[in-house]
Amino acid sequence: MHSFHYSNGSLHCEGVSIADLAEEHGTPLYVYSAETFRDRFTRLDTAFSAIDHEVAYAVKANSNLSVLKLLAGLGSGFDIVSGGELYRVIKAGGDPGKCTFAGVGKTRTEIEYALQEGIYSINVESEEEAAFISQVAGELGLTAPIAFRVNPNVDAKTHKYISTGKSENKFGIDFESILDAYERASKLPNLNLKGLQMHIGSQLTSVSPFVEAVEKVAPLAAQLKSDYGIEFFSIGGGIGIIYEEALASGDESWWTDQPEETRPLTPDKYAAAIVPTLETLGLKILLEPGRFIAGNAGILVSRCLYEKKGTTKTFKIVDSGMHQLIRPALYEGHHEIVPVAEPSGAVESVDVVGPICESGDFFCQNRPVASFFPGDLIALMSAGAYGMVMASTYNSHPLPAEILVDGDRAKVVRKRQTFDDLIEAEEV
Ligand code: LLP
């Protein structure tokens with residue numbers, strides 16, 4: 001499945017030319033492929049078809065309303081982490097009854113909002129939070145459906161900033177204390193102990209940490225089912241994607257040629273490894289993928305402004321940067337950089353950098369990339385997850401526009417910010 005490919009000498013998203021989009025809408029520009037979103041959702045959903053399950057897309061990865069609407073239309077549930085994300089899901093036509101609300105720092109306002117909207121479950125990160133939710137639910141005359149998040153103390157073997165399942169991380173309740181937490185919570189009023197949740201980290205490229213966590217926690221889920229009648233077990237998100245292939249296309253023939261450690265986790269490989277353990281539980285299994293669904297579905301298009309030849313390096317200065325795609329600066333994230341005009345074969349070792357006044361503002365350093373020059377368009381591949389959602393207006397750059405392509409049609413799903421938008425909420 002190639003949603004991003006060269007055709008007639010120019011990069012396309014499905015049937016639409018990226019150069020035409022850049023001409024019409026300007027740069028920097030995020031472009032998403034509806035076909036890739038559908039493909040990833042469907043593949044994961046199908047891989048788990050043997051068991052009672054629900055894919056609850058992690059909204060934090062890409063929360064554009066049109067993306068949420070597309071996924072809601074496929075039957076997706078949603079994993080949210082703030083009142084703002086719940087608001088987005090509702091505005092996009094999603095069902096709060098298919099939403100789980102995670103996160104270590106929920107406020108009273110957010111808890112009230114989620115309960116009033118009929119959230120499926122609040123995933124609770126501490127006993128203190130459970131007591132507070134019980135109190136808030138009581139004040140509203142409601143019962144709060146909750147699940148505790150267990151921290152299984154399993155090493156996800158991913159970047160330290162996106163590893164969450166070790167006891168030194170702030171997330172969840174220690175595996176050793178979790179039964180006591182349920183016991184105490186069962187004595188609190190206004191709570192319905194509905195499930196159990198875990199999430200060990202993001203961008204996992206090997207199946208083994210998932211297997212270790214599922215096998216460790218499944219007996220606990222079974223016990224909670226028999227003791228408290230819980231109905232679901234959420235195994236979190238975290239399935240890694242390919243960032244290193246030029247067009248990060250999802251072409252499985254390419255994957256299978258790669259060494260084991262760089263192969264992405266296919267949905268089938270993931271399901272085959274954990275379904276046998278999960279199916280014995282007789283619980284509804286929730287999956288919370290974000291990156292797997294959105295990552296390869298988007299690119300960031302930018303234009304090269306200048307080429308600066310230093311004594312030791314060549315810098316290609318482009319019109320986007322860390323303020324619009326922070327992953328290279330924050331997680332040493334790798335995004336392939338390709339010219340929008342099909343490359344001829346010439347390659348240069350360069351730093352691709354943005355306009356921000358920080359040395360951390362780079363997309364790559366000393367990387368061989370297909371040559372491009374001032375005036376040329378480039379694409380940062382696999383930027384559909386944790387791209388636009390983490391963008392800021394640092395240095396007072398307006399936020400980019402977002403386009404959703406579906407077949408031959410392209411729709412602006414978020415307008416480019418203007419200078420007036422930048423200062424709209426401020427007063428002199
Ligand atoms: N569930 C929970 C409780 C999470 O905390 C996360 C991600 C997910 C699901 C979805 O994980 P995914 O399937 O996308 O790996 N900004 C970072 C990633 C942060 C992930 C935070 N939590 C990055 O760009 O790599």
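Modeller: Happy to! One term before we start: a residue is called buried under 20% relative accessible area, exposed over 50%, and partly exposed in between. Also keep in mind that this is a predicted model.

Biologist: Good. So is E112 buried or exposed, or in between?

Modeller: E112 has 23% relative accessibility, so it counts as partly exposed.

Biologist: And which side chain does E112 meet in a salt bridge?

Modeller: That would be R108, with an N to O distance of 3.5 Å. R108 is partly exposed too, at 31% relative accessibility.

Biologist: Nice. How many salt bridges are there by this rule?

Modeller: The count comes to 15. Another one joins the side chains of R184 and E127, at 2.8 Å from N to O. R184 belongs to helix α7 (residues 178-185) and E127 to helix α6 (residues 127-140), so this pair ties together parts that are 57 residues apart in sequence.

Biologist: What about K187, which partner does that one have?

Modeller: K187 meets E183 in a salt bridge, 2.3 Å from N to O. K187 is exposed, with a relative accessible area of 61%, while E183 is partly exposed at 34%.

Biologist: Switching to surface charge: which residues gather in a negative patch?

Modeller: D155, E168, E212 and E215 do, on the surface. D155 is found in the loop between β9 (144-151) and β10 (173-174), and its relative accessible area of 37% makes it partly exposed.

Biologist: Now strands. How many residues of β11 are buried?

Modeller: In β11 (residues 191-197), 6 of its 7 residues are buried, so the strand is mostly covered. β11 runs parallel to β9, joined by 6 bridges, and R149 has Q197 in β11 as its bridge partner. β11 is also parallel to β12 (residues 232-234), with 3 bridges between them; there, G195 has F232 as its bridge partner.

Biologist: And what is the strand order in the open sheet of 3 strands?

Modeller: The order is β1-β2-β3, with antiparallel pairing. β1 (4-7) and β3 (16-17) are at the edges with a single partner strand each, so one side of each has no neighbour in the sheet. β2 (residues 10-13) pairs with β3 over 2 bridges, and H12 stands opposite S17 in β3.

Conventions
Residues are numbered from 1 along each chain as its sequence is written. This is a predicted model: local features need pLDDT of at least 70, side-chain atom pairs count only at pLDDT 80 or more; totals for chains, interfaces and linings use all residues. Side-chain values use heavy atoms; hydrogens and water are left out. Patches are made of residues with over 30% relative accessible area and no salt bridge: like charges are joined within 9 Å, nonpolar side chains (Val, Leu, Ile, Met, Phe, Trp, Tyr) within 5 Å. Accessible areas come from the Shrake-Rupley method with a 1.4 Å probe; for residues, only the protein chains shown count as cover. A salt bridge is a side-chain nitrogen of Lys or Arg within 4 Å of a carboxyl oxygen of Asp or Glu. Lys and Arg count as positive and Asp and Glu as negative; His and the chain ends are not counted. The place of a charge is taken as NZ of Lys, CZ of Arg, CG of Asp or CD of Glu. Helices (H or I, at least four residues) and strands (E, at least two) are DSSP runs, numbered from the N terminus. Buried means under 20% relative accessible area, exposed over 50%, partly exposed in between (1.4 Å probe, protein chains only). Two strands pair if DSSP finds at least two bridges between them.
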